[in-house]
Amino acid sequence: MTMSFLPGVHRGKYMRYDTAVILKRFYLCEKMTVIAQAGWLPGIPYFEMKTLLPKILWEDAMTANALRERVFELRFPSRILEVGEDQGLIDLLEYARHAPNALAFLTALSKVLKPAMLRAYETYLELADEIGDGPTYRFMKLAIDEKYQQIETLNQHIDRYAAHEEPAELERAEQWVKELQTHLDRLGGIGLDSPKAAGAELKPGKPFEPLEVPARDQKFCNVRFYWPDNVDPAFPYGSGIQLQLRSAVSHLNEVWAVENAGHVLYSFADELGWEFIYDAARWVYDESRHCRMGYERLKSWGFAEHELPLGTYIYDSCKGQDPIYRLGMLFYFESKNIGKKLDRVKNFESMNDRMSQHDMDFDWADETIHTSYGKKWLSAVLERRGKNPDDYTEIKDVCEQITAKTVQTATPEEIAQIIDIANKIIAKASSL
Ligand SMILES: [Fe+2]
Ligand SMILES: [Fe+2]
């Protein structure tokens with residue numbers, strides 16, 4: 001007599017192990033994309049993208065983290081996330097860092113890499129089982145929504161940038177993006193099956209490096225020192241209107257912190273691993289929100305971009321230095337005013353400036369998180385280098401020295417220029 005069984009045809013395409021293998025691939029792809037986006041932040045001149053890409057990379061980091069946790073659940077008790085057969089995709093995503101210009105990188109994101117992830121997630125959800133693999137559904141649906149939104153945001157801005165780009169640069173970007181797509185197609189895309197092995201063409205000669213001199217948007221007033229007190233401690237921080245302006249210009253100038261946090265994420269990604277990347281992604285995003293806070297306030301008071309100084313001196317001070325000092329810079333410069341922030345909140349409240357009050361209040365909450373990131377990761381790097389993880393004295397000293405050195409290079413023309421810019425801003429605001 002033959003045995004007969006109940007059929008099992010409707011669900012069960014992927015078993016637990018297959019699911020973990022696929023989600024691990026998606027995690028690795030998201031992680032590589034987060035690192036690439038962070039590394040490009042200093043190299044992107046366009047102000048909107050410099051402050052929007054951080055949100056995009058933070059979303060990707062949130063998705064990557066959810067994927068990673070899910071893989072651990074499915075593979076319990078193993079916590080190994082091997083690259084294994086996904087090496088081809090890792091090679092491709094590393095290759096994608098070597099875009100010939102910022103427009104090419106952003107176009108690669110919007111036309112090749114983000115759509116590939118989006119398709120991968122949509123295909124996964126079509127075939128996976130919502131009962132057995134329910135927890136994956138929630139975050140992957142969110143990731144799909146975010147990817148659609150990211151692509152829309154990127155396309156909106158890219159079209160505008162392309163219209164102003166040199167034809168030769170535009171051509172280079174288009175050509176390179178086409179090649180990237182061909183390489184991805186050759187690997188079989190990002191999907192539910194393992195990619196094919198990458199050929200030698202995906203092995204760039206030297207590793208990508210984030211820019212040490214940040215690219216900046218020409219529509220702003222680009223300077224090294226963004227307010228007279230950077231170079232002249234006698235110039236008052238001020239009260240009333242002057243304090244409102246100084247605070248907004250400070251926030252806007254956290255653009256250096258966005259670039260620097262991107263650089264730091266990129267530089268320590270391999271050494272410190274995923275948990276660091278995850279914290280740093282949030283750090284980058286927060287600094288971009290602080291930058292936008294200042295920008296939006298100044299715009300609402302009637303200032304145009306060309307009137308607004310965007311400085312580089314803190315970022316510049318780290319040029320050629322070990323990236324540990326960039327991490328130190330982010331920690332010290334961002335946390336040194338934390339005690340004053342709550343006073344400022346009260347100050348703005350008394351001026352009835354709810355916008356500045358609100359921004360400073362939220363900024364304060366972010367800064368308390370950043371202080372813990374700074375301590376945690378500075379200690380981790382120091383420990384890895386065989387130093388006392390609780391002693392930041394040397395880091396702090398070097399950060400102060402290199403910044404002071406940059407300040408000493410301010411020319412009389414630069415000082416006169418920033419005093420003039422600040423005075424014009426104050427005069428315009430006073431006449432409103
Ligand atoms: Fe900040
Ligand atoms: Fe911060």
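Predicted model: local features only at pLDDT ≥ 70, side-chain atom pairs only at ≥ 80, totals over all residues.

Biologist: Where does α4 bend?

Modeller: At Leu109, by about 40°.

Biologist: OK. How do α1 and α4 pack, in angle and axis distance?

Modeller: Their angle is about 160° and the axes are 12 Å apart. Angles over 145 degrees count as roughly antiparallel, so α1 is roughly antiparallel to α4. The two helices cross in a left-handed sense.

Biologist: Which residues make that contact?

Modeller: From α1, Ile22, Phe26, Cys29, Thr33 and Trp40. From α4, Ala102, Phe105, Leu113, Met117, Ala120 and Tyr124. Sorted by class, the contact of α1 with α4 has ten nonpolar residues, one polar and no charged.

Biologist: And α1 against α8, what are the numbers there?

Modeller: Helix α1 (residues 16-40) packs on helix α8 (residues 255-272) at about 135°, with the axes 7 Å apart. That angle makes α1 oblique to α8. The crossing is left-handed.

Biologist: Which residues meet in α1 and α8?

Modeller: On the α1 side, Ile35, Ala38 and Gly39; on the α8 side, Gly262, Leu265, Tyr266 and Ala269. The contact of α1 with α8 divides into five nonpolar and two polar residues, with no charged ones.

Biologist: Now α12 and α13. What is the crossing angle, and within what distance do the axes come?

Modeller: The angle is roughly 165°, and the axes come within 8 Å. That makes α12 roughly antiparallel to α13. The handedness of this crossing is left.

Biologist: Which residues does α12 put into it, and what do they meet in α13?

Modeller: Helix α12 contributes Ile338, Lys341, Leu342, Arg344, Val345, Phe348 and Glu349. In α13 they meet Ser356, Gln357, Met360, Asp361, Asp363, Trp364, Glu367 and Thr371. By class, the contact of α12 with α13 has six nonpolar, three polar and six charged residues.

Biologist: What is in the loop between α12 and α13?

Modeller: Asn352 is one of the residues there; α12 is 338-350 and α13 is 354-384. Its phi is near 65°, positive in a residue other than glycine. Most residues other than glycine have a negative phi.

Biologist: Switching to peptide bonds. Which residues does the cis one join?

Modeller: Phe76 and Pro77, with omega about 10°. Most peptide bonds are trans.

Biologist: Where does Pro77 sit?

Modeller: In the loop between α2 (47-75) and α3 (87-95).

Technical notes. Residues numbered from 1 in each chain as written. Chains lettered and ligands numbered in written order. Axes fitted to C-alpha atoms, helices over the stretch in contact; angles between N-to-C directions. Helix = DSSP H or I, 4+ residues; strand = E, 2+ residues; numbered from the N terminus. Parallel < 35°, antiparallel > 145°, perpendicular 65-115°, else oblique. Left-handed = near helix turned anticlockwise from the far one by under 90°. Contact = placed C-beta atoms within 7 Å. Nonpolar A, V, L, I, M, F, W, Y, C, P; charged D, E, K, R; others polar. Bend = angle between axes of the 7 residues up to and from the residue.
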